[in-house]
Amino acid sequence: MSNFHPDQTKLAEYVAGTLSYHETLLISVHLHYCKECQQAVQRLEALGGVLLDDLPGEPVGEDLLQATLASIQNDEPVHRARREEVGRYYRHPEVPAPLQKLVPRGFDALPWRKLLPHLQVCDIELSPQGPKISLHRIRPGGRIPRHTHRGSEYTVVLKGGFSDALGDYNPGDYLHRDADHEHEPVAAESEECICLTVTEDPLKMTSWKWRWMNPFLS
Amino acid sequence: MMMSRHTTKTGGTRTVTATDEWADCLEAIAEHQDRKSFVHLFNHFAPQIKGYARSSGLTGMGEALADELVQETMTNLWRKAHLFDRSKASATTWVFTIARNLRVDLLRRQSKHHTTLSSDDLWLEPHTEGDGSDWVAQSNMERQIRLGIAQLPVDQRQVIGKVFLEDKSHQEAAEDLNLPLGTVKSRIRLALKKLRVGLEVDSHE
Ligand SMILES: [Zn+2]
Ligand SMILES: [Zn+2]
């Protein structure tokens, strides 16, 4: 059960399909854990359906119907069995469904890179432009030095939990931190913490001890 | 099949009384690949999907894309009819989600921006088995939404339409309407609250 949800205007954008790729992914992962938001999405989709239904239709040519009929000619509807096959694709229960393709062999098999003594990082979707989609992994009880963010940082907790001055976060919790927000997250003692993170710009360390790290945090 | 029409259109609001004739069509396709039902669905939904393609900016890249969205959505309805479950969504809602996903994929293909995940990975069907949501509850909710929309103040109705059916982020919608982003967001929140479709807990985001 999540306690920290995306803003509902974000959920509406998710349902409309107007969010960016990375934000859509974050919401999709949050939904994997959050029943309340799943239900809100169901209602928002019903709203989308009603709005679609109210649209003035555009005339469609008879040739388009013929072309469509031709394309389904030899196309049998998918059977229920196929759906179960899809389910078998998900082999790592700890990895939420939307991330399965990006983390196909589980968290441990990823090429983690050490960033700080308690912190590892792995970029899971590389694209030359746009924000970075990565996983962060903090050792049990690990403390991340105080830092701000040069841009927005979005986080969804996937495993374990962490705390900062504003709260305790558990699997599914969705957080958005602005550039001017300074925090010092600490992982829960009981197990490692893995988070999905989208950063628009690299973190910026503000604690004097770590300031020299800044050029490397990219 | 389809012995009577259960839907009536009155002045823009529609009252669903007992069944969903489009859901019947989808089930007929799933059960015996009924082509007559498919044509029936096509005649109803194809013009709406084309209208959606236009309002959501697809036609900005040429008329052909709008027809492509219509054909792909209809082909998907045929192919995926088995996955339709009327206890989870009405046919109209289901068609909306399929058209939305295909629209996103079409736009992404056009942009040549490579991403690993496709819309089917990002809008997974929620696994809400046995949570008490059923067909009656679904159609009641839809009726509430229809009534609610008719009663929304014009400015909120306008914002909701923009957000759902146009290819606009809230920021772009704000620029379009010449309003501050905060005003747009609060209108959306108000409208979602009136329609009772939003999140029922605080976001704490
Ligand atoms: Zn939630
Ligand atoms: Zn941070």
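1. The site of the zinc ion (ligand 1) is tetrahedral, with angles of 99 to 116° among its four donor atoms. (Four donors count as tetrahedral if all angles lie between 85 and 135 degrees.) The coordinating atoms are A:His5 (ND1), A:His30 (NE2), A:Cys34 (SG) and A:Cys37 (SG), at 2.0 to 2.3 Å. Donors here are N, O and S atoms within 2.8 Å of the metal (3.2 Å for Na, K and Ca), and water is not among the atoms, so sites may look incomplete. Along the chain the donors of the zinc ion follow the spacing H-x24-H-x3-C-x2-C. A:His5 lies in the segment before helix H1 (8–16) of chain A and A:Cys34 in the loop between helix H2 (21–33) and helix H3 (35–54), so this pair ties together parts that are 29 residues apart in sequence. A:His5 and A:Cys34 are both buried. Buried means under 20% relative accessible area, exposed over 50%, and partly exposed in between (1.4 Å probe, protein chains only).

2. A word on the basis, please: this is a predicted model, in which local features need pLDDT of at least 70 and side-chain atom pairs count only at pLDDT 80 or more, while totals for chains, interfaces and linings use all residues. Residues are numbered from 1 along each chain as its sequence is written, chains are lettered from A and ligands numbered from 1 in the order in which they are written, and side-chain values use heavy atoms, with hydrogens and water left out.

3. Strand S3 (residues 132–138) of chain A deserves a look. Six of its seven residues are buried, so the strand is mostly covered. Helices (H or I, at least four residues) and strands (E, at least two) are DSSP runs, numbered from the N terminus. S3(A) is joined to strand S2 (residues 119–125) of chain A by six bridges, and the two run antiparallel; two strands pair if DSSP finds at least two bridges between them. Within this pairing, A:Val121 stands opposite A:His136. S3(A) also pairs with strand S10 (residues 193–199) of chain A, in the antiparallel sense and over seven bridges. There, A:Arg137 has A:Ile194 as its bridge partner.

4. What lies inside the protein? Of the 14 residues that line the largest cavity, A:His136, A:Ile138, A:Glu153, A:Pro185 and A:Thr197 are the closest to its centre. S3, strand S5 (153–159) and S10 of chain A are the elements that give two or more residues to this lining. The lining divides into eight nonpolar, five polar and one charged. (Ala, Val, Leu, Ile, Met, Phe, Trp, Tyr, Cys and Pro count as nonpolar, Asp, Glu, Lys and Arg as charged, and the others, Gly among them, as polar.) On a 1 Å grid over the protein atoms alone, a cavity is a set of points where a 1.4 Å probe fits but cannot get out, and a pocket is an open set with protein on both sides within 12 Å along at least five of seven lines; lining residues have an atom within 4 Å of a point. Grid points are joined across faces, edges and corners, and a volume is the space filled by probe spheres set on the points.

5. The second largest pocket has a volume of about 410 Å³. Its lining has 18 residues, and A:Thr18, A:Leu19, A:Ser20, B:Leu107 and B:Asp167 lie nearest the centre. H2 of chain A and helix H4 (91–111) of chain B each supply at least two lining residues, with the largest share, five residues, coming from H4(B). By type, the lining holds five nonpolar, eight polar and five charged residues.

6. Strand S8 (residues 174–177) of chain A is covered on both faces: A:Tyr174 and A:His176 on one side, and A:Leu175 and A:Arg177 on the other, are all buried. S5(A) and S8(A) run antiparallel and are joined by four bridges, with A:Thr155 and A:Leu175 as bridge partners.

7. Finally, three strands of chain A form an open sheet in the order S7-S6-S9, with antiparallel pairing. Strand S7 (167–169) and strand S9 (186–187) are the edge strands, each pairing on one side only. A:Ser163 sits in strand S6 and stands opposite A:Asp168 in S7(A). At 27% relative accessibility, A:Ser163 counts as partly exposed. The C-alpha atoms of A:Ser163 and A:Val186 are separated by 5.3 Å, although the two are 23 residues apart along the chain.

Technical notes:
Tetrahedral: all angles 85-135°; square planar, octahedral: opposite > 155°, others 65-115°.
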